[in-house]
Amino acid sequence: MMSDYLEITWRLLVALVFGGLVGMERSYHGRPAGFRTHTLVCLASAVLMLVTVYEGQWFATRGMERVTVDPTRLAQGIMTGIGFLGAGVIMKEGLSVRGLTTAASIWIPPQSAFSWE
């Protein structure tokens, strides 16, 4: 059980560091969606995906009851929510469109965190 907590802590720290690194680079160059945004998105995505990984241990069944957490639905919900955040930063100015790179930078780091298993 203690090794599970160490692994959870490790995964959360990795998400925090990688989200922070991407966010620091974005902040350094004066781009929207900087350090705080990327850190929070990566950390929240990691926490929610850890629920799916450890659902069997955290949501114990009693008798004939069955508690299930569908990891694919949870991942799909996270991806939809992050896509919504990314869509909010895309702006059309005249004939040009701005914010596509920002939207991609918000969406990509958490998606790579889903393939940890």
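Tutor: A patch is made of residues with over 30% relative accessible area and no salt bridge, where like charges are joined within 9 Å and nonpolar side chains (Val, Leu, Ile, Met, Phe, Trp, Tyr) within 5 Å; a salt bridge is a side-chain nitrogen of Lys or Arg within 4 Å of a carboxyl oxygen of Asp or Glu. Accessible areas come from the Shrake-Rupley method with a 1.4 Å probe, and for residues only the protein chains shown count as cover. This is a predicted model, in which local features need pLDDT of at least 70 and side-chain atom pairs count only at pLDDT 80 or more, whereas totals for chains, interfaces and linings use all residues. Residues are numbered from 1 along each chain as its sequence is written, and side-chain values use heavy atoms, with hydrogens and water left out.

Student: Which residues make the nonpolar surface patch, and which helix supplies its largest share?

Tutor: Val17, Phe18, Leu21, Met24 and Phe35 make a patch of about 500 Å², and helix H1 (residues 2-28) contributes the largest share, 4 residues. Helices here are DSSP runs of H or I with at least four residues, strands are runs of E with at least two, and both are numbered from the N terminus.

Student: Does leucine 21 count as buried, exposed or partly exposed?

Tutor: Buried means under 20% relative accessible area, exposed over 50%, and partly exposed in between (1.4 Å probe, protein chains only). Leucine 21 lies in helix H1 and, at 47% relative accessibility, counts as partly exposed. The buried residues in H1 include Ile8, Val14 and Ala15.

Student: How is the length of a helix checked?

Tutor: Just after H1, glycine 30 takes a positive phi of about 70 degrees.

Student: Which residues form the largest nonpolar core?

Tutor: A nonpolar core is a set of buried Ala, Val, Leu, Ile, Met, Phe, Trp, Tyr and Cys residues joined through side-chain atoms within 4.5 Å. The largest one has 7 residues, namely Ala33, Val41, Met49, Ala75, Ile78, Ile82 and Ile106. Two or more residues come from each of helix H2 (35-53) and helix H4 (71-88), with H4 giving the most, 3 residues.

Student: How many helices and strands does the protein have?

Tutor: The protein has 5 helices and 2 strands, running α-α-α-α-β-β-α from the N terminus on.
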